[in-house]
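Reader: I would like to go through this chain piece by piece. Please define the terms as we meet them.

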Amino acid sequence: MSPASDFTAFYEKELRELLLPLEDQRKKIKKWGVYGFVLLGLAIVFFIIGTTSQLPAAIIIAIVVFVAAIIVLILFANRLKKFTGIFKTQIVSRIVAFINPSLSYSPERFIAEADYKKSGLYLKSSDRYKGDDYVEGLHDKTFFCFSELHTEERVSSGKNTRWETIFKGMFIIADFNKNFSGRTYVWSENKPQLNFLNKLFSSFASGLEKVKLESPDFEKRFIVYSNDQVEARYILTPSFMERLVRLQQMTSTDTSMSFVQTNIHIAIPMNKELFEPSVFKANDFSRLEQFRSTIQIVYEIIDELKLNERLWTKE
């Protein structure tokens, strides 16, 4: 993996020149967005004037301007989608290769829904499952993959339907170098997944029991369930619990993880998009450095959890 200190030189040598034509495109696309939102705002103003002052002409103008706004915003969205694809192909793929040339990056792929479900980290059934920016490869001896995921539940109330986010952020799967006989789940204390009802009626919860561990700092942050108490304690040694606490401090989120079959699954909630270019601000060095540091986090997690040290062996 290339050191962070080399990224400035890499940016100056390879990325800066590539960004120049992309910056020109971004500014043109930005104008479409600004025009669209301005027209939408004007449509709202004319509609308010028309309804409050009972002026039919103002309402007609509002409708015409609203239709124009929708057309402009559709054109804006189409241009933005095309721009994003070009940006990821020309810029993000090079950043990924800079970190490690052996990494594979697929902008439109994401973690398979079957693997997300297998992790058991989120018990609500997702009615809408999407993602992008899939990366996979090896860090020393450890295979890993990650992508952005956004899973949602459809909630209906009478005639109204809304979408509620179940998970949005970075989802990581890494080889733990051990065949787990049981299932162990480490949920953030702020986002426990098991409640009274699904403990009673969910087949997923069958055999799962809360694991009591002797680390006050760990238990302030996490709640652990497993169907194999001995294996859970075998995994969650005092030193490993300390590393999980540092991991949560490093990510500053309600990180959760599970140990299922041969993998560790890690869910890191994030509000930001992983590798999406900005259209209203310049995609300058600081923006690209954020992309680099996002991938760096995955390497730091593998190092922090010492997955390369092969503390366990597959049976």
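Author: Buried means under 20% relative accessible area, exposed over 50%, and partly exposed in between, with a 1.4 Å probe and protein chains only. The model is a predicted one: local features need pLDDT of at least 70, side-chain atom pairs count only at pLDDT 80 or more, and totals for chains, interfaces and linings use all residues. Residues are numbered from 1 along each chain as its sequence is written, and side-chain values use heavy atoms, with hydrogens and water left out.

Reader: What percentage of the residues of the chain count as buried?
Author: The C-alpha atoms fill a box of roughly 75 × 60 × 30 Å along the principal axes. The chain has 315 residues, and the share that counts as buried is 44%.

Reader: Which element of the chain has the lowest confidence?
Author: Confidence here is pLDDT, the predictor's value for each residue from 0 to 100. The chain averages 87, and 92% of the residues score at least 70. Helices (H or I, at least four residues) and strands (E, at least two) are DSSP runs numbered from the N terminus, and the chain has eight helices and nine strands. Strand E1 (residues 104-106) is highest at a mean of 96, while the lowest, at 52, is helix H4 (residues 196-201).

Reader: How many bridges join E2 to strand E3?
Author: Two strands pair if DSSP finds at least two bridges between them. E2 and E3 form a hairpin with two residues between them, and Gly 137 stands opposite Phe 144 in E3. The two strands run antiparallel, and the number of bridges joining them is ten.

Reader: In E2, which residue is the bridge partner of Ser 104?
Author: E1 and E2 pair in the antiparallel sense over three bridges. In E2, the partner of Ser 104 is Glu 136.

Reader: Which residues does Lys 124 touch, not counting those up to four places away in sequence?
Author: Lys 124 lies in the loop between helix H3 (113-119) and strand E2 (128-139). Its C-alpha atom is 9.0 Å from that of Glu 152, 28 residues apart along the chain. With contact meaning heavy atoms within 4.5 Å, Lys 124 touches Glu 153 and Ile 166.

Reader: Is Gly 120 buried or exposed?
Author: Gly 120 is also in the loop between H3 and E2. Its C-alpha atom is 24 Å from that of Glu 214, 94 residues away along the chain. The relative accessibility of Gly 120 is 3%, so this residue counts as buried.

Reader: What is the relative accessible area of Asp 133?
Author: Most residues other than glycine have a negative phi. Asp 133, which is not a glycine, has a positive phi of about 60 degrees. This residue belongs to strand E2. Asp 133 counts as buried because its relative accessible area is 0%.

Reader: Does Gln 261 count as buried, partly exposed or exposed, and at what relative accessibility?
Author: Gln 261 has a positive phi near 60 degrees and is a residue other than glycine. Its place is the loop between strand E8 (256-260) and strand E9 (263-269). Gln 261 counts as partly exposed because its relative accessibility is 47%.
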